[in-house]
Amino acid sequence: MSSVSQKIFLKMNYWLLKTEPGTYSWDDLVKKGSDMWDGVRNYQARNNIRQMKVGDMLLIYHSVKNQAVVGLATVIKEHYPDPTAKEGDWSVVDIKPVRKLAKPITLPEIKANTKLSQMVLLRNRRLSVQPVKKEEVSILENMAGEKFK
DNA sequence: GCCAACGTTGGC
DNA sequence: GCCAACGTTGGC
């Protein structure tokens, strides 16, 4: 591994993005090729968006129906003001899909794994943009049977 | 479809 | 600044 790619690897952070597939699904993102992650109207979620860097890995999670991490995406443009916000101080990032997971990681599977009991997904079910710890990523990778890169 | 949990708003 | 009322998210 070159020192440059090593730096990028070390700095890369992981985030989980929730979306209701009935409104906007993984397939919609794939169809678009890339998209602006807009409509976030929660301060904590917005602050997480503002911490995202180009190259960060995003776990796309379907809420409500067939709850599962279904695919991987990546940040291609760092935060800028949300053009869909009529008022307030909101931000978006641009993202693009990387690939669908061969085997989605379902919410019941995540809940069943005691090592994942501290995940924000389980502890703050309303937060739509959340950080995922490296240790949690490793466990999720094992469950999915593939590396998230 | 219900409702618990949480965030936000606004009256005081 | 507290907190009741309200709105929304998302698991079940």
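Two residues are in contact when heavy atoms of theirs lie within 4.5 Å. In chain A of this predicted model, residues 24 or more positions apart account for 67% of the contacts with a separation of 6 or more.

**The whole chain**

Begin with all of chain A displayed as a cartoon. Its secondary structure consists of six helices and six strands. Followed from the N terminus, the elements come in the order α-β-α-β-α-β-β-β-α-α-β-α. Along the principal axes, the C-alpha atoms fill a box of roughly 40 × 40 × 30 Å. The radius of gyration of chain A is 15 Å, which agrees with the value near 15 Å that a compact globule of 149 residues would have.

Now switch to a surface display. The accessible surface of chain A is about 8,700 Å², and 52% of that area belongs to carbon and sulfur atoms. Of the 149 residues, 43% count as buried. Colouring by charge brings out 25 positive and 16 negative side chains, and the centres of these two sets lie 4 Å apart.

**First stop: His-62**

Return to the cartoon and select strand E3, residues 57-62, where His-62 is found. Is His-62 buried or exposed? Its relative accessible area is 11%, so His-62 is buried, the cut-off for buried being under 20%.

Next, show the residues around His-62. Leaving aside neighbours within four places in sequence, His-62 is in contact with Thr-19, Pro-21, Ser-25, Trp-26, Gln-67, Ala-68 and Val-70. Among these, select Trp-26: its backbone nitrogen lies 3.0 Å from a polar atom of the His-62 side chain. His-62 and Glu-87 are 25 residues apart in sequence and 28 Å apart in space, C-alpha to C-alpha.

**Second stop: the loop between E3 and E4**

Move on to the loop between E3 and strand E4 (68-81), and select Val-64 there. Most residues other than glycine have a negative phi. Val-64, however, has a positive phi, near 70 degrees. Val-64 counts as exposed because its relative accessibility is 58%, and the cut-off for exposed is over 50%.

Asn-66 is in the loop between E3 and E4 too. Its phi is also positive, at about 50 degrees, although Asn-66 is not a glycine. With a relative accessible area of 60%, Asn-66 is exposed.

Select strand E5, residues 91-106, and within it Ser-91. Ser-91 has a relative accessibility of 4% and therefore counts as buried. Which side chain makes a polar contact with the side chain of Ser-91? Displaying Arg-50 gives the answer: the two side chains make a polar contact at 2.8 Å.

Apart from neighbours within four places in sequence, Ser-91 is in contact with Trp-37, Arg-46, Ile-49, Arg-50, His-79, Tyr-80, Pro-81 and Asp-82.

**Last stop: helix H6**

Finally, select helix H6, residues 134-144, and show its buried residues: Glu-136, Val-137, Ile-139, Leu-140, Glu-141, Met-143 and Ala-144. Against which elements do the buried residues of H6 pack? They pack against strands E1 (14-19), E3, E5 and E6 (129-132), and against helix H4 (107-112).

The tour ends just after H6, at Gly-145, where phi takes a positive value of about 75 degrees.

Notes: Residues are numbered from 1 along each chain as its sequence is written. Chains are lettered from A and ligands numbered from 1 in the order in which they are written. This is a predicted model: local features need pLDDT of at least 70, side-chain atom pairs count only at pLDDT 80 or more; totals for chains, interfaces and linings use all residues. Side-chain values use heavy atoms; hydrogens and water are left out. Helices (H or I, at least four residues) and strands (E, at least two) are DSSP runs, numbered from the N terminus. The radius of gyration is taken over C-alpha atoms; the globule rule is 2.2 Å times the number of residues to the power 0.38. Buried means under 20% relative accessible area, exposed over 50%, partly exposed in between (1.4 Å probe, protein chains only). Accessible areas come from the Shrake-Rupley method with a 1.4 Å probe; for residues, only the protein chains shown count as cover. Lys and Arg count as positive and Asp and Glu as negative; His and the chain ends are not counted. The place of a charge is taken as NZ of Lys, CZ of Arg, CG of Asp or CD of Glu. A polar contact is a pair of N or O atoms within 3.5 Å; within protein, one must be able to donate a hydrogen and the other to accept it, and residues adjacent in sequence count only if both atoms are side-chain atoms.
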